[in-house]
Amino acid sequence: MERTVQELAEECSKQDGKLNMKFLPELLTYFKGFFDNQRLHAELTVYEQWAARNSAPVLQGTFLHRPPDMNMLVAAIWSCKNWKRSRDESPGLQAPMGAKRLAGIALSLAIVENHAPDWFDDPARELLGQRLQAPAQAWGVIHEVQTAAYFIRYGARVDPLFLRKSSHYDLMTHWGNDKVPVQCKCKEPGAGRAIASETFGLLAGYIARDASDTGRKVLVRIGSTGKIRASDIDAIRERVRNIRGRTLGAELLHCSDRTYSIWVQGIEGRFTPAEAGDFLKSYNFHLQMLVAMPTSDGNGYEPMVAVGIEADPEESPWLSLSRSIEEAIDQLEGGPPSIVAINYVDHIEDFESLRPGPEPMSHTIRKRIHGSPHVAMVMLSSEPDLQLPGS
């Protein structure tokens, strides 16, 4: 590990440690060291070719707009590399949220390696690299790395068992003479939800790119009585692109057994970040995205594109969460009291929204694990909302 990254890992292993984004280039170099360089270069080339037709740097850099099945880490690495190129021309340019997200992941990995260097032998590094570069496994290993770093910051000694094949536990935390195993569960995009945030992000980014190409500033409201299927995205994109001029009402789009309502109208004005939130809340969207640019005087933002899903779908988030807890209960049976750490790839604004009834989530989970002494605690976390600076 390069000395600058090691010092940064040591500083940020403390609870009050803070990441200075000036070290992003060093963290990027460190993180890319776990990847097969030839494969990464090929994936970045494919991503850039897709983005040239379907996205824009502001969308890629901010919320990692990417095609279906693309590894989030490839888009995040691109965001960092693009920021580095742009910073050479504008030295004061702030890193976008997508680049900051990668910096946080890379820092967590550096904290774990600095804390437990003996675990990072050649087979472990090879396994880690394979998992990071596999789209189906990347989210899981990100969760394991960040959970390990979390416990290190709180003073535990952590064995990163996920670096060994077929380990019974993902982590073993040591608190003095006590050992507490940790089992990590990753909830994939859309788990328990009618509309996955990744699916919505892909569609919203398409709409923003098309609006930019045609010089339009629009608010797009999409109504749906059920899930927005990935297979319907291209049709929705095409219909939005073809709606021009003033409309008196919503247009209907029929996709097999699903009907969508689409309303496109102009958007203008300027606002502060707080006012932008109030603007979107006034529509009570189920999911939303707002793309805005700073005004020339630097005192506000000018809206470019807003996209919202008008839906009140029936969802069963608790059933999905309960299944993950059940899986952990079965896996941990017969062992010592353990922690189950569950992370949602979709951003969860309020975990209380996942509960099945009026009781607080803590009571609901306590009842769920009652009678299973080998599960002592359930921890919940989620990916940040990359639209919000500082999240």
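Okay, let's start with lysine 367, which counts as exposed because its relative accessibility is 56%. Here, exposed means over 50% relative accessible area, buried means under 20%, and partly exposed is in between, using a 1.4 Å probe and protein chains only. Before I go on, this is a predicted model, so local features need pLDDT of at least 70 and side-chain atom pairs count only at pLDDT 80 or more, while totals for chains, interfaces and linings use all residues. Residues are numbered from 1 along each chain as its sequence is written, and side-chain values use heavy atoms, with hydrogens and water left out.

So who does lysine 367 pair with? Its salt-bridge partner is glutamate 359, with the closest N and O atoms 3.0 Å apart. Glutamate 359 is partly exposed, at 33%. By salt bridge I mean a side-chain nitrogen of Lys or Arg within 4 Å of a carboxyl oxygen of Asp or Glu. Some of these bridges share partners, joining Asp210, Arg237, Glu238 and Arg241 into one network.

How many salt bridges does the whole structure have? The search finds 22. In one of them, the side chains of arginine 101 and glutamate 383 meet at 2.8 Å, N to O. Arginine 101 sits in helix α6 (residues 97-115) and glutamate 383 in the segment after β10, so this pair ties together parts that are 282 residues apart in sequence. Buried or exposed, arginine 101? Arginine 101 is buried, with 10% relative accessible area, and glutamate 383 counts as buried too, at 7%. When I say helix or strand, I mean DSSP runs numbered from the N terminus: helices are H or I with at least four residues, strands are E with at least two.

Now for the sheet. In general, strands of a sheet pair through backbone hydrogen bonds, either parallel or antiparallel. Here, five strands make an open sheet in the order β1-β2-β3-β9-β10, with mixed pairing. On the edges are β1 (157-159) and β10 (375-382), each pairing on one side only. From one strand to the next, the twist averages 25°. Two strands count as paired if DSSP finds at least two bridges between them. For β3 (178-187) and β9 (338-344), there are six bridges, in the parallel sense. One detail: lysine 185 has isoleucine 342, in β9, as its bridge partner.

Helix α8 (residues 135-153) packs on this sheet, touching β1, β2, β3, β9 and β10, and its direction makes about 145° with that of β3. Contact means heavy atoms within 4.5 Å. Axes are lines fitted to C-alpha atoms, for helices over the stretch in contact, and angles run from 0 to 180 degrees between N-to-C directions.

Most residues other than glycine have a negative phi, and most peptide bonds are trans. Which way does leucine 64 go, positive or negative? Leucine 64 has a positive phi of about 55°. It lies in the loop between α4 (57-63) and α5 (72-89), and it is buried, at 2% relative accessible area. Serine 166 also has a positive phi, about 65°. That serine is in the loop between β1 and β2, but serine 166 counts as exposed, at 80%.
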